[in-house]
Every structure is written in C-alpha cells, then in structure tokens.
Amino acid sequence: MAARRLVLAAVAYALGTAAQTTPEVTLPSPADIEKLICEVASQKQVEDRAVAEICQVITEKFPNIKFNPDCKTDVEAVWDAAVAKCPQAQLTLPSPADIEKLICEVASQKSSPTSSSTPTARRTSRPSGTRRWPSARRRS
C-alpha cells in the first residue's frame with residue numbers, strides 16, 4: 001500500500017512539475033488513453049508476451065496460488081474479457097463533401113485518346129497484292 005502511494009505521489013509530482021514548467025503540454029484525454037490501450041492490447045504478440053510475464057511474476061510472488069487449469073489460460077481469459085470491452089472499430093462512410101471531391105477529381109482528369117467512350121469506325125484498305133473475293137452477283 002505504501003509503495004502504491006509513493007508511485008502515485010511521484011506521478012502526481014511529475015505531472016505537476018511538467019504542467020508548471022511547460023504550459024503547452026496537454027495530457028491525453030481518457031478516450032485517447034482507452035484507444036491507445038485497446039490498440040496495444042489487441043495485438044496478439046503483445047498479449048502473449050504480457051501473459052507470460054504476468055504469470056512469471058504471479059508464480060514468483062505467490063507460489064501457493066493454484067490455477068485451474070493453468071496460469072496462462074486464466075490470464076488470457078481475463079485479457080480477452082478486457083479487450084472485449086474496447087470499443088469496436090466502426091466503419092465510417094465518406095461524407096457528402098468527400099464524395100463530391102472524389103467525383104470532381106475523377107471528372108476533371110483528362111482522358112487519353114485510347115480511352116474515349118465513343119467508338120470510331122476506321123476504314124481499312126486491302127493490303128497490296130491481295131485479291132477480292134468474287135462477288136455474289138451473277139453476270140448476265
């Protein structure tokens with residue numbers, strides 16, 4: 001308990017000193033902190049390492065604690081429950097202004113001659129030295 005108070009006092013002193021010496025420093029909002037924690041906690045590699053370290057500390061500090069089935073399974077369950085409380089990323093659709101901007105960008109692009117939408121008929125001449133097929137008309 002005393003260690004916790006000491007840590008909290010040190011953090012409060014550091015925050016107070018930072019606020020006094022650099023007034024332009026702004027602390028992150030609770031929403032920003034939650035977002036950052038959730039981004040980090042959602043990474044499987046971070047979870048695996050943290051779970052291993054937590055179980056190591058628990059077994060060193062509290063060797064008499066018995067887990068069912070094991071420490072890793074229990075800590076992972078708690079970790080997953082905590083991550084489940086994180087806000088889920090929501091799909092955001094572009095605003096009408098964004099859509100208008102995209103349409104204008106596409107419409108203002110110059111089209112290349114090969115990409116014109118109007119087909120053009122081209123006359124082709126016969127290569128020299130080729131014969132015409134006999135016509136289907138009968139001579140009289």
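Trainee: Which residues of helix 3 are buried?
Mentor: The buried ones in helix 3 are Glu47, Ala50, Val51 and Cys55. They take up an arc of only 130° around the axis, so they sit on the same side of helix 3. That arc is taken over the directions from the helix axis to the C-beta atoms. Buried here means under 20% relative accessible area, exposed means over 50%, and partly exposed is in between, with a 1.4 Å probe and protein chains only.

Trainee: Before we go on, what kind of model is this?
Mentor: It's a predicted model, where local features need pLDDT of at least 70 and side-chain atom pairs count only at pLDDT 80 or more, while totals for chains, interfaces and linings use all residues. Residues are numbered from 1 along each chain as its sequence is written, and side-chain values use heavy atoms, with hydrogens and water left out.

Trainee: OK, and how are the helices picked?
Mentor: Helices are DSSP runs of H or I with at least four residues, strands are runs of E with at least two, and both are numbered from the N terminus.

Trainee: Back to helix 3, what do the buried residues pack against?
Mentor: Helix 4, residues 71-84.

Trainee: Which exposed residues are on the face turned away from the buried side?
Mentor: On that face, helix 3 carries Gln45, Arg49 and Glu60 as exposed residues.

Trainee: How far apart are the end C-alpha atoms of helix 3?
Mentor: They're 26 Å apart, which agrees with the 26 Å that 18 residues (44-61) should span at 1.5 Å a residue. The expected span is 1.5 Å times one less than the number of residues.

Trainee: Switching to charges, how many salt bridges does a search of the whole structure find?
Mentor: Three. A salt bridge is a side-chain nitrogen of Lys or Arg within 4 Å of a carboxyl oxygen of Asp or Glu.

Trainee: Start with Lys44, what does it pair with?
Mentor: Lys44 bridges to Asp48, with the closest N and O atoms 3.3 Å apart. Lys44 and Asp48 are four residues apart in helix 3, so about one helical turn separates them. Lys44 is partly exposed at 49% relative accessibility, and Asp48 is partly exposed too, at 36%.

Trainee: And which residue does Glu53 meet in a salt bridge?
Mentor: Arg49, at 3.1 Å from N to O. Both lie in helix 3, four residues apart, about one turn of the helix. Glu53 counts as partly exposed at 40% relative accessibility, whereas Arg49 counts as exposed at 60%.

Trainee: What about Glu76, is that one buried or exposed?
Mentor: Buried, with a relative accessible area of 18%. Glu76 is in helix 4 and forms a salt bridge with Lys72, the closest N and O atoms being 3.4 Å apart. Lys72 also lies in helix 4, four residues from Glu76, about one turn of the helix. Lys72 is partly exposed, at 49%.

Trainee: Which residues does Glu76 touch, leaving out those up to four places away in sequence?
Mentor: Glu47 and Val51. Contact means heavy atoms within 4.5 Å. Glu47 and Val51 are also among the buried residues of helix 3.

Trainee: Last one, where does Glu39 lie?
Mentor: In helix 2, residues 30-41. Glu39 is partly exposed, with a relative accessible area of 44%. Its C-alpha atom is 8.9 Å from that of Cys86, although Glu39 and Cys86 are 47 residues apart along the chain.
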